[in-house]
Every structure is written in structure tokens, then in C-alpha cells.
Amino acid sequence: MQTPIIQTKNLTKYYGKHLGIKNVNLEIYPQETFGFLGPNGAGKTTTIRTLLDLIRPTSGTATIFGLDTQKEIEKIHNKIAYIPGELEFNKNWNIKRTITHMLNLYKHPTKKSIIEELAQILKLDLSKKVKELSKGNKQKIAIVLVLAPNAELLILDEPTSGLDPLIKNEFYKLLSEKQTQTGCTVFLSSHILSEVERIANRVAIINKGSIIQVATLNQLKQLALKNVEIEFSSLEQANKNFTTMPKKIITNLTIQNNTVNLFCTRESLKPVLSWLENLSFKDLNIHNPTLEDIFLEYYKVEPYEKNSTNKKRGDK
Amino acid sequence: MWKLLEIIKQDILDKKLSIIGMGILVGLMGFYVISLISSLDFTQMQSYIESLPEAFRAILGGALDLSNPYSLTNAYFYSFIWLYLGIFIIYVISNLIPQDIENHTIDITLSKTITRTKYLLGKVTFIFIFIVGLCLITTTFIALGMTSSSNFLDYGIYWDRVVAAFLLATIHLGTMAMTAVFFSTIFLDTKKTTIASVVLMFIMFFIGDFSSLMNPEIGETLQYASTWAYYNTGEVFGLGNFSNFPQNILALSTINVILAMASLIMFKKKDIPV
């Protein structure tokens, strides 16, 4: 079994009385692209900043490359490239100075040609001053800072915020190329689902400081409820059939006009279809949930409620 | 090591104009003080002071020694260097770490291969380069003033007094800067750091310079709680008396080291705020 690159055990952080994260357990493996999803204020940045030793955990431990983040952070940082969520640079510096300074803080300085090449791809004028830049252009500096060094682990906290779609695409292309060339591991935090769906193999969903699910995207889709729409010829018929429905295995049952709308798990789809075999209906539609549906469902639920929901599903 | 130098280099590049500008400004002030006293007759001045009533001389507290051009330069310049340069230094240093935090650059910096210890040591080293730079420029102007003043030339040019005053001023200003560093590691905020440092500076000034005059019994001991008690340029620069100089240098240096260590401990413990 592979040794995880990032491993946290019951990582907890309180800011005074206010909870940041609680009992966060994560394992991220080499060459994985791991998505870290959650709404604003869920604890994504707190987890990342704890991993980077910018803040100290109240309890629990974290290791990166098998090294304790509080004891051997210098060794860890030498193999990491990081984009923070809230990003600013010294306003009076030009871009070249900003990038060169940051990359000079690594043990092995980065070649100038790599910086220039990335700047050209991202259409970044290195001579411009930071104070003249838009948010998106500042984000491009961060992208250069994360892609230029030879890092084994990329920690990206909302990396594409403020970027236009074209540059966003370019960033993902560059990131994918880098991963192919170097085999680096990517830990991507975001609240933008399409972003995570595009590149992540596995995701963790965090809400109100607690991890509520860690799974591959396929597993998440399988866990999610399917939406079944049955159109009958009349409202009367819809109402009549409604009474015979196997209500125990379905949720959110509604009737609108002559259409019955219900949700069921992948496992309970079979009994629903067998029940439908004996009925005459006009039309049948089964929708797979989008990732957005899945995550919205998770975000709505309190961590403890989510656990009980999972249990219920398991029971079925 | 070179990562530490990288931190120092960038701070020097950022603040070089401040060092040169402020150094020249305060240096010119010193030059002006020396040129003002160049035409004075010190023998007459001293007899005039001695002719003043005892009570009036007590108000001056014996601090105003006007017996020679060195002591008068000290009274107008070195005695108030904390005011001319100290507040400026506190203002600059209070910004140094909190600014990195307030604009979030510290997150990226500390995510690179640099520990908090090295980061802070880089900042502390820069601070001393900054102060030495300021004091070197001002001392150059003082030296220029001295060599072009007939009063100084008549009295004699004593470079050992200049060097001693330079050292005392540098280390004394260092304690003010280190106080600002210490407060900045506690508050991680520019405004709070500046206010706390300036307030403490004035408290120290009053304890050091006036406590023994206001209440000789308590003040004689209390004054040593202030760095001003060890900053005695009146003795070394004004009178050429070096008997307490090594102890004063040692005391001020120790305070600097203690404050730097305390800042380091505090900075290593603290969470870097978002």
C-alpha cells in the first residue's frame, strides 16, 4: 500500500471559542489530484494553512512526505508550491522582482527561462508593477509561482479565482502537463464544482469544519439519489398510482399536473422499475444527478445529519 | 543562509531611499546645529550659566552642559536623536512584519523554504543595517560639521568621541526598533505596534531622564529600568569620559538581544492571521 503524501489525524483548530476545523482526517496519495470541496467558511483554508504550519492546530497531527508539519516544515516546504486563497503582493514591486524573490526562497532556484516561458503563455508582462494589475493578473503571478518550481506537491487554494475562462483553460492545461511530466501530487481546494470535476480523482467534502465525505467522483455519483419523472395520461391516474408506490424506498415524492416526481438511490431503482412494469404511463425519465446537485445536497446538511443520512442509505 | 540574505536584500532595496533621505535630513540638522554654535564664545556661555540663580539651574537639571562645543552638540543633537530618528525608525519597523501579514505576502513567503526563525532573523539583520546606515550618514554630517567649525578645531577633534556616540546612538536606536519588532510579533498589526512602541518610548524617556530629578530616592534606581540610563552620550561625546562606556554598550546590547529572542519566541508561537 502506498504511503500517503499528506496525512492528517484528528486535526482540530479552534480560534478561541470559534471552531475552525474538527477531527479532520485526510490521506492524499502520490500523483493524486485531490479536490477539497466546501462552501466559503467551511474550513478549507484553515486545513491548508495548518498543513503549511502558518497556523498551529489545537489538537491532532499532520504529516507531509512523512514529516511532521510542525517539526520539519523547512524540509516539507522545499517540495511544495502553494497558492493562497487571499492573494496580494508588494504593490511597488514589478512582476519579475516578485516572482524572482519568491522563487529565490527555495533551496534550488528556478531557471529564468521557465519563468519567462510561463509568463509568455499566461500573457503576463514581467516589467509591469503589481499595483497596475487586475485581480486576475495577480492570480497569474501565483500560477507562475506554483508551476515554475520543481515541486512534488502543489497546494492550490482557489487557484483560478478572478481568471478569465481562456486563462483558466490554459492553467488546467499547464497543470495537467506538469503532472504528466513530473508526477506531482495536487491538492486543490475550491468551491467551484466544475473546476474540481475537471481534474480531481478523489474529493473530500468539508462543511462547518468537519469532513463529511471522502470519495472518488464516481462513488459520489453512485451514492447520490436519482431523479425519476413519470408522466401519466391524467392527474387522476397519477393520483391513483401514487397510492401504490413503494414509498419506503423513495424520497421527495411530489405530484405536479399529471407527473410524479421522486428520488431514489441506485439500489432502489430496480424495485421502482419493477413497480412501474405493471403500470401504464405516458413517459419515463431518469436523471443522473449533476455534481452540483450532489454537493448542494451535502452542503445543506449538518455534519451529524449527513452521517445519519449515510447510515440510512446503507441500511437500504 | 542565502535565503536570509534574500529577505535582507529585498528590504534594503525597498527602504534604501528612506535610509538615504532621512539620514541626510537628520545629518543636515546636526550640521546646522554645529554651524550655529560655531560663532559662540564658550567661556562666556559657561560663566553666564554659572551666574544664573541656583533654582533656575536646577530646572535645567544639570543636563545642559555648555562648557564645550561637544557638550552643546550633544545637548541639541545626540540627546534628542531618539526624537529625530527614533520615531521614524519605529514607524518604519512597525510596518515591516505586519505589512507582510496585512497584504498576505507572508503566506507565500513562509510556504517557501524559509523558517519563521530565518524570516525574523532576516528582518532583524535588516533593521540593524537600516539603523547603522542612518547613523553613518548622520555621523558623516556631524564629522563634516566638526572639521569645518573653528570652535571644534580650536577645542580639538576627538574621533573616539564621535565613534563612541555613533555606537551608543546605533545600539540605543536598536532597542527602540527591537521594541517595535517585539510588539509587532505580539499584535501583528501596524497601528497597534506603532502606538505601543511610541508610548513605551516616551515612558522610557521620562523614566530615564527625569525620574532621578523628580524623586532622587526612587529615581536613582528606577532610571536603570530605562534604556536612556545607558545612553549617556553626554559623558562620552560631551566630556570624553569613557569610564561607563563599555558597561552601557553591554547593557544596551543585552536589551537588544533579549528583545530579539523574545520576538522570536513570540513569532514562532503565533498563528499567522488570514
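Helix α6 of chain A comprises 18 residues, 165-182, and spans 25 Å from its first C-alpha to its last, close to the 26 Å expected at 1.5 Å a residue. The model is predicted.

- The buried residues of α6(A) are Ile167(A), Lys168(A), Phe171(A) and Leu175(A).
- These residues lie on the same side of α6(A), because they cover an arc of only 105 degrees around the axis.
- An α-helix has 3.6 residues a turn, so residues three or four places apart point the same way.
- The exposed residues Pro165(A), Leu166(A), Lys173(A), Glu177(A), Thr180(A) and Gln181(A) are on the other side of α6(A).

**Surroundings of α6(A)**

- Gly183(A) follows α6(A) and has a positive phi, near 70 degrees.

**Positive phi in residues other than glycine**

- Asn23(A) is not a glycine, yet its phi is positive, about 45 degrees.
- Asn23(A) belongs to strand β2 (residues 18-28) of chain A, and it counts as partly exposed because it has 15 C-beta neighbours inside 10 Å.
- Leu188(B), also a residue other than glycine, has a positive phi near 50 degrees.
- Leu188(B) is located in the loop between α9 (159-187) and α10 (190-214) of chain B.
- With 21 other C-beta atoms within 10 Å, Leu188(B) is buried, since the cut-off for a buried residue is 20 or more.

Methods
Residues numbered from 1 in each chain as written. Chains lettered and ligands numbered in written order. Predicted model: local features only at pLDDT ≥ 70, side-chain atom pairs only at ≥ 80, totals over all residues. Helix = DSSP H or I, 4+ residues; strand = E, 2+ residues; numbered from the N terminus. Expected span 1.5 Å × (residues − 1). Buried ≥ 20, exposed ≤ 12 C-beta atoms within 10 Å, placed from the backbone. Arc of directions from axis to C-beta.
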